[in-house]
Amino acid sequence: MHHANHFYGHAHVLARYAGLGDRHPPRINGYVQHGWNIGDGLAPGHPYADRTPSLLWSEQTRRRAWSVGRRNVVVIGAPFTYLLAMRPEDPPAEEREGTIWYPFHGWEGQHVKGDHRQLIALIQATEPGPVTVCLYWHEYRMRNVRRLYERAGFRVICHGYRGHWWKDTDPEFLDKQLTELRRHRRVASNRLTSAIFYGIAAGCEPAVYGDPMILSNEDPTFGGTARIRRQWPELHGTAVDLPTAVEIARTELGTDHRCTPAELRELLGWANLPEEEDDRDD
């Protein structure tokens, strides 16, 4: 399977939902969109085999993919929606408190340029409760960046390593993220990203504010941050209308397109694989 299908443990979540248990996920017949984006759902610059299905999150993304010439595209919803279906109600925990804040991040091929100190000051001036800063693995490994947030008095965490070329994927990445989101009252970032939509779906009040920072050699093909702010103005600001945000998140994550386990097995090429036996008492 394409190595990006393993990112964030997506293949693992889909395999669990499809009834295949916690074993290593079988090969997926297609390319699973691995993050929210404003393009055709697939990462620019990655090689893809012709006529292989693109398994996208939402109908909007499918239409954009079609408009740029991609065919054989199927909407299945985001893997995070499948996790929510498997964990609809966790055991009651302490009352939600504070904000989980996701600074915009880089990755192996691109670094972020921006003033973290300025962002920290804005967070401190805006957020009323305790703040958890969740750094992407890339910045978390940068001691100088991590220490800035720690010295500001924030709780600093990382959900785990995304994985790369089929290695070191944390299969519980999304599980850890959902657990943390459900601990917090608010979710915020300086860019509209997957984490904001996940937070809304997990019951958080969203906010998007602050310098969006610059990604080195950022691909401007689909309009970048300027287009995001124009197209989703309702989700920007320190306070956002929650019912509106919930409806937008439902659309962007493709919640209503989530497949049944049998449908998912068929779409991913797993129809003939045996399901894991359920050892629980009836």
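This is a predicted model: local features need pLDDT of at least 70, side-chain atom pairs count only at pLDDT 80 or more; totals for chains, interfaces and linings use all residues.
Reader: By what distance and what angle is a pair of aromatic rings described?

Author: The description rests on the distance of the centres and the angle of the planes. Rings of Phe, Tyr and Trp (its six-membered ring) pair if their centres lie within 6.5 Å, and planes under 30 degrees apart count as stacked, over 60 as edge-to-face and the rest as tilted. By this rule the count comes to nine aromatic pairs. One of them joins tyrosine 8 and phenylalanine 173, edge-to-face at 5.0 Å centre to centre with 65 degrees between the planes. This pair links distant parts of the chain, with tyrosine 8 in the segment before α1 (10-17) and phenylalanine 173 in helix α7 (residues 173-181), 165 residues apart; helices here are DSSP runs (H or I, at least four residues) and strands likewise (E, at least two), numbered from the N terminus. Both tyrosine 8 and phenylalanine 173 are buried, where buried means under 20% relative accessible area, exposed over 50% and partly exposed in between (1.4 Å probe, protein chains only).

Reader: Why is the pair of tyrosine 17 and tyrosine 82 edge-to-face?

Author: The ring centres of tyrosine 17 and tyrosine 82 are 4.7 Å apart and their planes stand at 75 degrees, so the pair is edge-to-face. Because tyrosine 17 lies in helix α1 and tyrosine 82 in helix α3 (residues 79-86), the pair ties together parts that are 65 residues apart in sequence. Tyrosine 17 is buried, with a relative accessible area of 15%, and tyrosine 82 counts as buried at 0% relative accessibility.

Reader: Which residues form one aromatic cluster, and which ring has the charged end of arginine 191 over it?

Author: The cluster is made of Phe7, Tyr8, Tyr136 and Phe173. For the second point, a charge sits over a ring if NZ of Lys or CZ of Arg is within 6 Å of the ring centre and within 35 degrees of the ring normal. The charged end of arginine 191 is placed over the ring of phenylalanine 104, 3.8 Å from its centre, and arginine 71 lies over the face of tryptophan 66, at 3.6 Å from the ring centre.

Reader: In what order do the strands of the five-stranded open sheet run?

Author: Two strands pair if DSSP finds at least two bridges between them. The order in the open sheet of five strands is β7-β6-β4-β8-β9, with parallel pairing. Its edge strands, β7 (155-157) and β9 (205-208), each pair on one side only. Within this sheet, three bridges join β6 (residues 131-134) to β7, with threonine 132 opposite arginine 155 and valine 133 partnered by valine 156. On the other pairing, β4 and β6 run in the parallel sense over three bridges, and threonine 99 stands opposite valine 131.

Reader: What is found on the two faces of β6?

Author: In a regular strand the side chains alternate between the two faces of the sheet. Both faces of β6 are covered, with Val131 and Val133 on one side and Thr132 and Cys134 on the other, all buried.

Reader: Why is α7 described as largely enclosed?

Author: Seven of the nine residues of α7 are buried, so this helix is largely enclosed by the rest of the structure. The cover over its buried residues includes α1, α3, β4 (99-102), β7, β8 (186-189) and α8, contact being heavy atoms within 4.5 Å. Among the buried residues of α7 is Asp175, which has a relative accessible area of 12%. Leaving aside residues up to four places away in sequence, aspartate 175 touches Arg16, Leu83 and Arg87.

Reader: By what angle and distance are two packed helices described?

Author: The angle is that between their axes, and the distance is that between the axes. Axes are lines fitted to C-alpha atoms, for helices over the stretch in contact, and angles run from 0 to 180 degrees between N-to-C directions. The axes of α8 (residues 194-201) and α10 (residues 242-253) come within 9 Å and cross at roughly 120 degrees. Residues in α8 including Phe197 and Tyr198 meet residues of α10, among them Ala245 and Leu253.

Notes. Residues are numbered from 1 along each chain as its sequence is written. Side-chain values use heavy atoms; hydrogens and water are left out.
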